[in-house]
Amino acid sequence: MSTNPSRLVEQLKGGLDAPICLTWELTYACNLECVHCLSSSGRRDPRELTTAEAKAVLDELHDLQVFYINIGGGEPMIRRDFFELLEYSIGRGIGVKFSTNGAFIDADKARRLASMDYLDIQISLDGTDAITNDAVRGEGSYDTAIRAMNHLRDAGFGEFKISVVVTRHNVDQLDEFKALADSFGAQLRITRLRPSGRGADSWHDLHPTNAQQRQIYEWLLAHGDNVLTGDSFFHLNALGEEPLPGLNMCGAGRVVCLIDPIGDVYACPFVIHDEFKAGSVRDLGGFAKVWKHSDLFAELREPQSAGACTSCGSYDACQGGCMAAKFFVGIPLDGPDPECVSGHGEAAMLAASAERPRPMMDHSKPVKVAAPERIPVTIGRR
Amino acid sequence: MLDRRLELDPRVALRPEPFGALAYHYGNRKLIFLKHPDVVRVVRSLDGHDTLADVLRSCEIDEARWPAFESALTALTESEMLHEHQPVATG
């Protein structure tokens with residue numbers, strides 16, 4: 001076990017027999033419409049996996065010895081079979097961590113959740129006050145999240161997680177987020193904003209500035225051991241000698257993947273686009289065949305070229321950053337991360353083609369148009 | 001360490017991987033990489049031996065490598081993957 005950690009990373013890049021971190025978006029339906037939603041959720045997709053299909057996937061994951069799954073959406077609790085699938089998964093030895101906006105956690109549901117083993121809950125919150133949060137997640141969503149947290153605490157759920165996407169508007173609240181989590185006996189999780197899904201449009205206005213990136217890096221060095229990050233900030237490692245805690249690598253298709261609500265398998269939760277679709281759980285051979293034999297995943301497990309970053313001394317530290325972030329701002333995959341801390345990303349974005357790839361699954365709700373003015377009609381009696 | 005009788009926590013699952021195995025603890029949710037197939041072999045052989053030294057001998061681990069195994073298994077006890085053998089209550 002004294003093996004050099006970088007050797008382990010090399011081995012992980014070659015892929016594992018089954019994913020460590022599998023995200024499964026159960027539904028595209030959502031009561032909210034967050035401006036940075038990775039999956040452009042809103043409306044349910046009629047092709048959504050049925051209960052029986054979902055259970056068959058769980059059977060497969062059991063056979064592959066997947067220890068736990070990350071369930072998301074959309075809002076996963078909208079599915080009528082949500083608890084049925086939760087219980088089935090846990091019963092098969094697959095622990096569940098699910099992300100929710102909290103709208104469907106009332107006192108009863110909180111007690112039911114608290115009674116289950118091998119279950120973690122992540123409540124999404126993007127501001128420590130309603131104004132900051134609701135600007136991104138929608139009106140009333142702050143109160144909704146806090147109400148759910150109160151229910152979980154009152155039900156004795158134990159240590160749930162508060163999950164924050166760091167933007168330029170909430171980066172100054174990191175200490176307050178930590179204090180909020182502590183006050184609930186919860187654990188804080190902060191992740192990187194990506195230009196994926198509806199984020200393709202909002203990212204340019206929301207992503208942290210260069211100065212704020214250093215702020216995040218320093219904050220994580222000071223607090224990182226007690227804060228979860230999904231190892232999503234590894235591009236910041238180029239800022240200093242000391243690496244952030246966690247695996248310094250992109251896990252897409254190697255240790256990570258996404259199953260979307262209709263069963264399509266993508267390299268990671270941030271690349272819902274045909275170019276990163278490896279197959280479907282509905283294909284012959286199911287999920288296992290996609291994970292083990294898809295051309296896309298085989299390609300991602302090959303050694304990757306440092307491309308435009310070859311001559312940069314920081315490449316070993318930042319690994320060229322996030323594939324999804326590059327893709328959706330139009331930077332070639334062997335180019336620099338758009339948030340490259342040395343500033344190479346901005347130049348690359350300017351050089352990128354004006355035609356950026358668009359996310360391919362849009363389940364956003366139709367834009368509301370103002371209702372036509374009613375014309376009063378007088379109905380007379382005959 | 002060598003004279004301790006260790007066992008795998010029943011809440012830990014081992015999944016074979018090309019580099020060795022992944023160990024996942026369903027209780028504390030820790031995920032640990034066992035980075036050598038011999039470590040996996042030793043961990044799987046803990047049951048039924050009175051001391052770690054016995055286990056290492058039975059797995060034919062060269063004595064020169066024992067210190068590395070001691071530190072590897074110490075790390076596994078610290079993450080609660082392994083603990084002191086607890087006799088099963090009978091009756």
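**Chat about the strands of chains A and B**

Colleague: Hi! Is strand β2 (residues 68–72) of chain A enclosed or open, and why?

Modeller: In this predicted model, strand β2 of chain A is largely enclosed by the rest of the structure, because five of its five residues are buried.

Colleague: Which residues sit on each side of β2(A)?

Modeller: Tyr68(A), Asn70(A) and Gly72(A) are on one side, Ile69(A) and Ile71(A) on the other, and all are buried, which leaves both faces covered. In a regular strand the side chains alternate between the two faces of the sheet.

Colleague: Thanks! And how many bridges join β1(A) to β2(A)?

Modeller: Four, and strand β1 (residues 21–25) runs parallel to β2(A). Thr23(A) has Asn70(A) as its bridge partner. Together with helix α2 (residues 51–63), these two strands make a right-handed β-α-β unit.

Colleague: What about β3(A), then?

Modeller: Strand β3 (residues 95–100) of chain A is also joined to β2(A) by four bridges, again in parallel. Here Asn70(A) stands opposite Lys97(A). To get from β2(A) to β3(A), the chain passes through helix α3 (residues 82–91), in a right-handed β-α-β crossover.

Colleague: Switching to chain B: in which sense do β2(B) and β3(B) pair?

Modeller: They are antiparallel, with six bridges between them. Leu14(B), for one, has Ala23(B) in β3(B) as its bridge partner.

Colleague: How many residues does the hairpin between them go through?

Modeller: Two residues link β2(B) to β3(B) in that hairpin.

Colleague: Last one: how many residues of β2(B) are buried?

Modeller: Five of the six, so to speak of residues 12–17 of chain B, are buried, and the strand is mostly covered.

Definitions and conventions: Residues numbered from 1 in each chain as written. Chains lettered and ligands numbered in written order. Predicted model: local features only at pLDDT ≥ 70, side-chain atom pairs only at ≥ 80, totals over all residues. Heavy atoms only, no water. Buried < 20%, exposed > 50% of the residue type's maximum accessible area, 1.4 Å probe, protein only. Pairing = 2+ DSSP bridges. Right-handed = clockwise from strand over helix to strand, strands pointing away.
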